Amino acid sequence: MNSRKTWMTASLLLITTVIIGGLSVSAHIAKASAATCSSRGQIYQVVFQNNHASPENTYANRCDRIQFVNRDAVTRSIAFGPHEKHIAYSGILERVISKNESFTITLTSAGLYPFHDHFHDEVAGYFSVTK
């Protein structure tokens, strides 16, 4: 029984070390990749029109910007991440835009990021940011 307790304690310690170490590494990587941009890159536009996001897929570099423009008569609530599990990007979790309104984000973090209209989640797309 004593060896079993020792084994369980060692396993728990190893798992805790891996989790805490992994969180530290992940936080460091996220902080490094989300560094501020000293210069502005290219501007891309995603237009919501006819219940569709165009383009659905945008490929950009870090420090580029994306402007989300609503040309539909309905109000859009643009959210990042999968529907019902939103994640903040560039400090924005969700942004409501009426017809002919827009907002722009600066792409500070590399990765693949989905976006969608929270009111009409079939209107969706993603942007990919490289370093």
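## Strand β5

In this predicted model, strand β5 is covered on both of its faces. Arg76, Ile78 and Phe80 lie on one side, Ser77 and Ala79 lie on the other, and all of them are buried. In a regular strand, side chains alternate between the two faces of the sheet. Since 5 of the 5 residues of β5 (residues 76–80) are buried, the strand is largely enclosed by the rest of the structure.

Which strands does β5 pair with? One partner is β6 (residues 94–97), joined to β5 in the antiparallel sense over 4 bridges. Within this pairing, alanine 79 has glutamate 94 of β6 as its bridge partner. Another partner is β8 (residues 111–117), which runs antiparallel to β5 and is joined to it by 3 bridges. Here isoleucine 78 stands opposite aspartate 117 of β8.

## The nonpolar core

How many residues make up the largest nonpolar core? The core has 19 residues, and those with the most contacts inside it are Phe68, Phe80, Ile105 and Phe127. Two or more residues come from each of the elements β1 (43–49), β4 (65–70), β5, β7 (102–106), β8 and β9 (124–130).

Phenylalanine 80 belongs to β5 and is buried.

## Phenylalanine 68

Phenylalanine 68 lies in strand β4. Is this residue buried or exposed? With a relative accessible area of 0%, phenylalanine 68 counts as buried, because buried means under 20%.

Again leaving aside neighbours within four places in sequence, the contacts of phenylalanine 68 include Val46, Phe48, Ile78, Phe80, Ile105 and Phe127. Glu101 and Ser102 are also in contact with phenylalanine 68. The C-alpha atoms of phenylalanine 68 and valine 47 are separated by 6.0 Å, although the two residues are 21 residues apart along the chain.

## An open sheet of 4 strands

Strand β4 is also part of an open sheet of 4 strands, in the order β2-β1-β4-β7, with mixed pairing. Because β2 and β7 stand at the edges, each with a single partner strand, one side of each has no neighbour in the sheet. From one strand to the next, the twist averages 20 degrees.

Strands of a sheet pair through backbone hydrogen bonds, either parallel or antiparallel. In this sheet, β1 and β2 pair in the antiparallel sense over 3 bridges. Phenylalanine 48 stands opposite alanine 53 in β2.

## Backbone details in the loops

Where is proline 55? Its place is the loop between β2 (52–54) and β3 (57–61). The peptide bond that joins serine 54 and proline 55 is cis, with omega about 0 degrees.

Serine 90 lies in the loop between β5 and β6. Its phi is near 55 degrees, a positive value in a residue other than glycine. Serine 90 counts as partly exposed, because its relative accessibility is 34%. Asparagine 100 is found in the loop between β6 and β7, and its phi, near 65 degrees, is also positive in a residue other than glycine. Asparagine 100 counts as exposed, because its relative accessibility is 52% and the cut-off for exposed is over 50%.

Conventions. Residues numbered from 1 in each chain as written. Predicted model: local features only at pLDDT ≥ 70, side-chain atom pairs only at ≥ 80, totals over all residues. Heavy atoms only, no water. Buried < 20%, exposed > 50% of the residue type's maximum accessible area, 1.4 Å probe, protein only. Pairing = 2+ DSSP bridges. Core = buried A, V, L, I, M, F, W, Y, C linked by side-chain atoms within 4.5 Å. Contact = heavy atoms within 4.5 Å. Axes fitted to C-alpha atoms, helices over the stretch in contact; angles between N-to-C directions.
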